[in-house]
Amino acid sequence: MKIISSVDELRDQLRGQLRTVFVPTMGNLHDGHLSLMRLARQHGDPIVASIFVNRLQFGPNEDFDTYPRTLEADAAKLEKEGVYVLFAPTEKDLYPEPQEFRVRPPDDIGNTLEGHFRPGFFTGVTTVVMKLFSCVQPRAAVFGKKDYQQLMIIRNMARQFAIPTDIVAAETWRADDGLALSSRNMYLSPLERQEAPVLYQQLNLLAATLRQGGTLTPAAIEQAESKAMSTLRERGWLPDYVSVRKQSDLQAASAADLAAKAPLVVLAAAKLGNTRLIDNLEI
């Protein structure tokens, strides 16, 4: 495996490759990340992974400076997975001058849910992904469903800009107790780690309520959302949202949408101690 930080060197290394599959990450890799590499292998060759902690997507009070950086251990894991190139640029490599041009998602999807609670987050994400796509020029790229809203935004961006990259969705990788794997899980104390699976349990309970049959209404959905939020608060969580949305556009489902049985997804974000966890479940 080659470890490359320079954009020019990366392009030289990949010149002539027509079936490159790309997996962008911020490092501190876990089994969920490695599952993305294995899925990538089904969609082309060679595999290029990137590790870059992107300052543009962190808010002023978020954990950019303390975000775990474990490049040496990450590289060893990626080499075992048969990754061809690890692109690990420095900020100077990727942003040699101030990144004044930005890619801003439309408000209806970019400023809701995560975008509401983390203003500017998705502009930072789409800007760096667009730049990484320009550097790697992959035929396909793999993104996890755990970041459901991010996946949808990137998929829409690629379509609207006619980027010749297929966006491949990977199922969320979970621990045996249901907790979605995340680099930020390492922030959890032992007691918090025992409590953390409750978020996914609440999503399953909410989904089960909505699947019970009968006529599903927006009011019934709102009641189920409120109950899940209340349960989390009672257990000491600080939830930002538990929200049922349409899979197609992440907008709230109208009565007509529900009557037509539009596919739904329930998404949640909540803080447990000092750790903010996100999760989702398609219904």
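Tutor: Two strands pair if DSSP finds at least two bridges between them. Strands (E, at least two residues) and helices (H or I, at least four residues) are DSSP runs, numbered from the N terminus. The model is predicted: local features need pLDDT of at least 70, side-chain atom pairs count only at pLDDT 80 or more, and totals for chains, interfaces and linings use all residues. Residues are numbered from 1 along each chain as its sequence is written, and side-chain values use heavy atoms, with hydrogens and water left out.

Start with the antiparallel sheet. It is open, and its three strands run in the order E7-E8-E9. Strand E7 (238–246) and strand E9 (275–282) are the edges, each pairing on one side only. From one strand to the next, the twist averages 10°. Axes here are lines fitted to C-alpha atoms, for helices over the stretch in contact, and angles between N-to-C directions run from 0 to 180 degrees.

Now the pairs. E7 and E8 are joined by eight bridges in the antiparallel sense. Lys246 has its bridge partner in E8, namely Leu264. Strand E8 (residues 264–272) also pairs with E9, antiparallel, over eight bridges. There, Ala268 is partnered by Asp279 of E9. E7 is mostly covered, with seven of its nine residues buried. Buried means under 20% relative accessible area, exposed over 50%, and partly exposed in between (1.4 Å probe, protein chains only).

The other sheet is parallel. Six strands form this open sheet in the order E1-E4-E3-E2-E5-E6. Its edge strands are strand E1 (2–4) and E6, and each pairs on one side only. Neighbouring strands are turned by 25° against each other on average, direction ignored. E5 and E6 pair in the parallel sense over five bridges. Val142 stands opposite Val168 in E6.

H3 lies across E1, E3 and E4 and runs at about 165° to E3. Helix H8 (residues 148–160) touches E5 and E6, and its direction makes about 165° with that of E6.

Next, helix H2 (residues 31–40). Eight of its ten residues are buried, so H2 is largely enclosed by the rest of the structure. Those buried residues are Gly32, His33, Leu34, Ser35, Leu36, Met37, Leu39 and Ala40. They pack against strand E2 (21–25), strand E3 (47–51), helix H3 (71–80), strand E5 (140–144) and strand E6 (166–170).

Arg38 of H2 has a charged partner. It forms a salt bridge with Glu81, with the closest N and O atoms 2.9 Å apart. Arg38 lies in helix H2 and Glu81 in the loop between H3 and strand E4 (85–87), so the pair ties together parts 43 residues apart in sequence. A salt bridge here is a side-chain nitrogen of Lys or Arg within 4 Å of a carboxyl oxygen of Asp or Glu. Arg38 is partly exposed, at 32% relative accessible area. Glu81 counts as buried, at 14% relative accessibility.

Asp166 and Arg139 meet through their side chains in a salt bridge of 3.4 Å, N to O. Asp166 lies in strand E6 and Arg139 in the loop between H7 and E5, so this pair ties together parts 27 residues apart in sequence. Both count as partly exposed: Asp166 has 44% relative accessibility, and Arg139 has 28%.

The total is 17 salt bridges by this rule. Among them is Arg104 with Asp107, whose closest N and O atoms are 2.7 Å apart. Arg104 counts as exposed at 58% relative accessibility, whereas Asp107 counts as partly exposed at 41%. Glu114, Asp240 and Arg276 are linked in a network of salt bridges.

Last, a helix pair. The axes of helix H1 (residues 7–14) and helix H7 (residues 121–136) come within 8 Å and cross at roughly 50°. H1 and H7 are therefore oblique to each other. Angles under 35 degrees count as roughly parallel, over 145 as roughly antiparallel, 65 to 115 as roughly perpendicular, and the rest as oblique. On H1, Val7, Leu10, Arg11 and Leu14 meet Ser134, Cys135 and Val136 of H7. By class, this contact has five nonpolar, one polar and one charged residues. Ala, Val, Leu, Ile, Met, Phe, Trp, Tyr, Cys and Pro count as nonpolar, Asp, Glu, Lys and Arg as charged, and the others, Gly among them, as polar.

Methods:
Contact means heavy atoms within 4.5 Å.
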